[in-house]
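Trainee: Hi! Could you walk me through this one, step by step?
Mentor: Happy to. Let's look together.

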Amino acid sequence: MTNHAAFAAEDAVTAVPPPAQAGRHFSSFPPRRARDCRKAALGRMDLAASGVLRGGSLLDSMKASSPRHAKFAAGADHEDWMEKHPSALEWIEAVVAAAKGKQIVMFLDYDGTLSPIVEDPDSAVMTEEMRDAVRSVAQHFPTAIVSGRSRDKVLNFVKLEELYYAGSHGMDIKGPTTVSNHKAKADEVLCQPATDFLPVIQEVYETLTAKMEAIPGAMVENNKFCLSVHFRCVDEEEWDALGKEVRAVLEGYPDLRLTKGRKVLEIRPSIKWDKGNALEFLLESLGYAGRGDVFPIYIGDDRTDEDAFKVLRNMGQGIGILVTKFAKETTASYSLREPAEVKDFLRKLVMSTGTKG
Ligand SMILES: [Mg+2]
């Protein structure tokens, strides 16, 4: 284990912090007013990102974000990739060692991380076993779900009110709505930096829904502060037409930007607010900003999760774990192959850290 243990130690926190204070994370939670993060985000319009409407081939980037996995067959390249992004499950002892004496804070993406990717996004349910594993993690560590879905929809899938939820790629954050072992009730909305965009998002949703009726298999999902155009069920020959149609609609909305995920185009406000900002906001809200005794773990499977991986890498604290069976460019330190491994990792983490937290 020496190879990977050394790798993990390099990637993890190097400072020696004071011991974590049991239970403190929940009771010290200071709810923030929604307008605080709204003001911060609006002050940083992501104008560069809106440049997606200029230049470059949208079709090419749609294909790059939605690889046909056959071309990533196991081989020397994959082995090399696994050396750089070892299995978090296999090397859990290294993860636990790196987190020793620190407060773990868990961040979990939903689709492709807690639930398998399915053709119908409305059917992306999680198993009872996974729910048990997440519930157990939340009993030990502050735990947040960070998803591109609307907050209500992801809560409806996860059904655990003791968690923090960051929906719409972090643009809709809310604390737990139930009293747990560790915390007081904190049910006010914490952060909604894009409320000014709600009418325009609804307008574009209606326009795109009408346009996509001409493309078999296309589906537009309203995630409140952002939209998803799913093309998982669209013939690849139609992807170009779909991309051009979406682009044409967005030409009338310069304050919206387009990003790509796994067989999905995401439309969101051109503000600098993503899953990485959500992670930072939650750490700050929990009282951990600037502290060395916190060890955030972020698990996700998509390009949008890279924003959070980068935040952790820049902080030099905690670890990012990419869920993938195939080699991909990533800032994450570790990998897990599929949601079943995420479940095993969560269980083992709770067992390995004993009564901590
Ligand atoms: Mg995902």
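**Getting to know the fold**

Mentor: Of the 357 residues in the protein chain, 45% are buried. A residue is buried if 20 or more other C-beta atoms lie within 10 Å of its own, exposed if 12 or fewer, and partly exposed in between, with C-beta atoms placed from the backbone. This is a predicted model, where local features need pLDDT of at least 70, side-chain atom pairs count only at pLDDT 80 or more, and totals for chains, interfaces and linings use all residues. Residues are numbered from 1 along each chain as its sequence is written.

Trainee: Thanks! How many helices and strands does the protein chain have?
Mentor: There are 13 helices and 12 strands. Helices (H or I, at least four residues) and strands (E, at least two) are DSSP runs, numbered from the N terminus.

Trainee: Which strands make up the open sheet of four?
Mentor: The order is 6-7-9-8, and the pairing is antiparallel. Two strands pair if DSSP finds at least two bridges between them. The edge strands, each pairing on one side only, are strand 6 (219-222) and strand 8 (256-261). On average, neighbouring strands of this sheet are turned by 20° against each other, direction ignored. Axes here are lines fitted to C-alpha atoms, for helices over the stretch in contact, and angles run from 0 to 180 degrees between N-to-C directions.

Trainee: How many bridges are there between strand 7 and strand 9?
Mentor: Four bridges link strand 7 (residues 227-230) with strand 9 (residues 264-269) in the antiparallel sense. H230 has V264 in strand 9 as its bridge partner.

Trainee: And which helix packs on that sheet?
Mentor: That is helix 10 (residues 239-250), touching strand 7, strand 8 and strand 9, and its direction makes about 160° with that of strand 8. Touching means contact: two residues are in contact if their C-beta atoms, placed from the backbone, lie within 7 Å.

Trainee: What about strand 8, is it covered or open?
Mentor: Strand 8 is mostly covered, with six of its six residues buried. L256, L258 and K260 lie on one side, and R257, T259 and G261 on the other. In a regular strand the side chains alternate between the two faces of the sheet. Strand 8 pairs with strand 9 in the antiparallel sense over six bridges, and T259 stands opposite E266 in strand 9. Their hairpin has two residues between the strands, and K263 takes a positive phi near 55° there.

Trainee: Where does E238 lie?
Mentor: You'll find E238 in the loop between strand 7 and helix 10. With 16 other C-beta atoms within 10 Å, E238 is partly exposed. E238 is 21 residues from G217 in sequence, and the two are 9.8 Å apart in space, C-alpha to C-alpha.

Trainee: New topic! Why is strand 10 largely enclosed?
Mentor: Seven of the seven residues of strand 10 (residues 294-300) are buried, so the rest of the structure largely encloses it. V294, P296, Y298 and G300 point one way, while F295, I297 and I299 point the other way.

Trainee: Which strands does strand 10 pair with?
Mentor: Strand 1 (residues 103-108) runs parallel to strand 10, joined by six bridges, and L108 has I299 as its bridge partner. Strand 11 (residues 319-323) also pairs with strand 10 in the parallel sense, over four bridges. There, the partner of I297 is I319. From strand 10 the chain crosses through helix 12 (residues 306-315) to strand 11, and this β-α-β crossover is right-handed: with the strands pointing away from the viewer, the path from the first strand over the helix to the second runs clockwise.

Trainee: How do helix 11 and helix 12 pack?
Mentor: They pack at an angle of about 50°, with their axes 6 Å apart. Helix 11 and helix 12 are therefore oblique to each other (angles under 35 degrees count as roughly parallel, over 145 as roughly antiparallel, 65 to 115 as roughly perpendicular and the rest as oblique). Nine of the 11 residues of helix 11 (residues 275-285) are buried, so helix 11 is largely enclosed by the rest of the structure.
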